Amino acid sequence: MARFSLILSNLLLSVITLVSSAPTGSENATTIELDPRAPAQVITKCTVPNTAALTFDDGPYWFMREVIRQVEAADGKATFFVNGNNWACIYNTELSGNVRYAFERGHQIASHTWQHKDLTTLTWDQIHHQMWLTEQAITRITGAVPAFMRPPYGNHNGLVREAAGVRGQSIVLWDFDSGDSTGSTVAQQKTRYDQLVARRPSNVLSLQHDVHWSTVYETLPHAITKLKAAGYKFVTVADCLGTRKYQRVGPAEPRNANWVC
């Protein structure tokens, strides 16, 4: 927690140092005041026409490379909102390798927090702790600091939005849910995609979970076929919004004894 407090203090200090003014006595002197807790933007849909952002929650998991294979076969990219220690530990050798593989191939890696806790039930410090641990893992593995996060269950309140804002992230929800995490059968999930294509919205921001075998091997091929036939291009969340994937990108960290859950 001491390390976290130092990092948060540095973040707030960075914001404060942005407050600037012209030299004393200047006729054009201006002062810019920034709110250090400006709430994060909440995104619920894409803005670029004819794009479909396929997003996958709760990994990384063993099926991640199969998702990548299918999406790339359709000339597309996907977005993975990863947990740190939910279905599996992100530092697992194979799973961290999958995250790195996805990143290097141009897919987007974003945060879904550490343990998939409902952030609206947590304190300010607890929220930051859940966010920080996953951001740290993503940065260690890829060298990138994520610009987007998705709160577990899509639940957020003022405190969560403020915390994400302080951390320089936007909150991403969805405008289409496949239903794979709420009990829908594969047949029902396919029907949802059929109905979506029949409506033909300008763009799609979909929710799936790559921890389910049936999602990856049964539903996803159907979804890709239908959406591609309808003229959608599969892109990352950042690309469907016309913005950047990461706050910054640096060198990845070599695996070491700190890579544990």
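Residues are numbered from 1 along each chain as its sequence is written, and side-chain values use heavy atoms, with hydrogens and water left out. Because the model is predicted, local features need pLDDT of at least 70 and side-chain atom pairs count only at pLDDT 80 or more, while totals for chains, interfaces and linings use all residues.

## Overall

The protein has eight helices and eleven strands. These are DSSP runs, numbered from the N terminus: helices are H or I with at least four residues, strands are E with at least two. Of the 261 residues, 48% are buried. Buried means under 20% relative accessible area, exposed over 50%, and partly exposed in between, with a 1.4 Å probe and protein chains only. Among contacts with a separation of 6 or more, 78% join residues 24 or more positions apart. A contact means heavy atoms within 4.5 Å.

## Helix α3

Helix α3 covers residues 93-104. Its twelve residues should span 16 Å at 1.5 Å a residue, and its end C-alpha atoms are 16 Å apart, so the two values agree. The expected span is 1.5 Å times one less than the number of residues.

Which residues of α3 are buried? They are Leu95, Ser96, Asn98, Val99, Ala102 and Phe103. They cover an arc of only 150° around the axis, which puts them on the same side of α3. The arc is taken from the directions from the helix axis to the C-beta atoms. The face turned away from that buried side carries exposed Thr93 and Glu104.

The buried residues pack against several elements, including α2 (64-73), α4 (124-142) and β11 (246-249). Strands β3 (79-82), β4 (108-111) and β5 (144-146) also take part.

At the start of α3, a side-chain oxygen of Asn92 comes to within 2.9 Å of the backbone nitrogen of Glu94. Such a polar contact is a pair of N or O atoms within 3.5 Å; within protein, one must be able to donate a hydrogen and the other to accept it, and residues adjacent in sequence count only if both atoms are side-chain atoms. After the helix comes Gly106, with a positive phi near 90°.

## Helix α6

Helix α6 covers residues 186-199. Its 14 residues should span 20 Å at 1.5 Å a residue, and the end C-alpha atoms are 20 Å apart, which agrees. Val186, Gln189, Tyr193 and Leu196 are buried. Seen down the axis, these residues fall within an arc of 80°, so they line one face of α6. Ala187, Ala198 and Arg199 are exposed on the other side. The cover over the buried residues includes β8 (176-177), β9 (204-209) and α7.

Arg200 follows α6 and has a positive phi near 50°. Arg200 also lies over the face of Tyr232, at 4.0 Å from the ring centre. Elsewhere, the charged end of Arg65 sits over the ring of Tyr101, 4.0 Å from its centre. A charge sits over a ring if NZ of Lys or CZ of Arg is within 6 Å of the ring centre and within 35 degrees of the ring normal.

## Aromatic pairs

The structure holds ten aromatic pairs. Rings of Phe, Tyr and Trp (its six-membered ring) pair if their centres lie within 6.5 Å; planes under 30 degrees apart are stacked, over 60 edge-to-face, and the rest tilted. Two of the pairs are tabulated here.

| Pair | Centre to centre | Angle between planes | Class |
|---|---|---|---|
| Tyr91 and Trp114 | 6.4 Å | 55° | tilted |
| Trp213 and Tyr217 | 5.0 Å | 20° | stacked |

Tyr91 lies in the loop between β3 and α3, and Trp114 in the loop between β4 and α4, so the pair ties together parts 23 residues apart in sequence. Tyr91 is buried at 3% relative accessibility. Trp114 is buried too, at 6%.

Trp213 and Tyr217 both lie in helix α7 (residues 213-229), four residues apart, about one turn of the helix. Trp213 is partly exposed at 47%, and Tyr217 is partly exposed at 36%.

## Ser111

Ser111 lies in strand β4. Is Ser111 buried or exposed? It is buried, with a relative accessible area of 1%. A polar atom of the Ser111 side chain lies 3.1 Å from the backbone nitrogen of Thr113. Leaving aside neighbours within four places in sequence, the contacts of Ser111 include Phe81, Val82, Thr134, Ile138 and Arg150.
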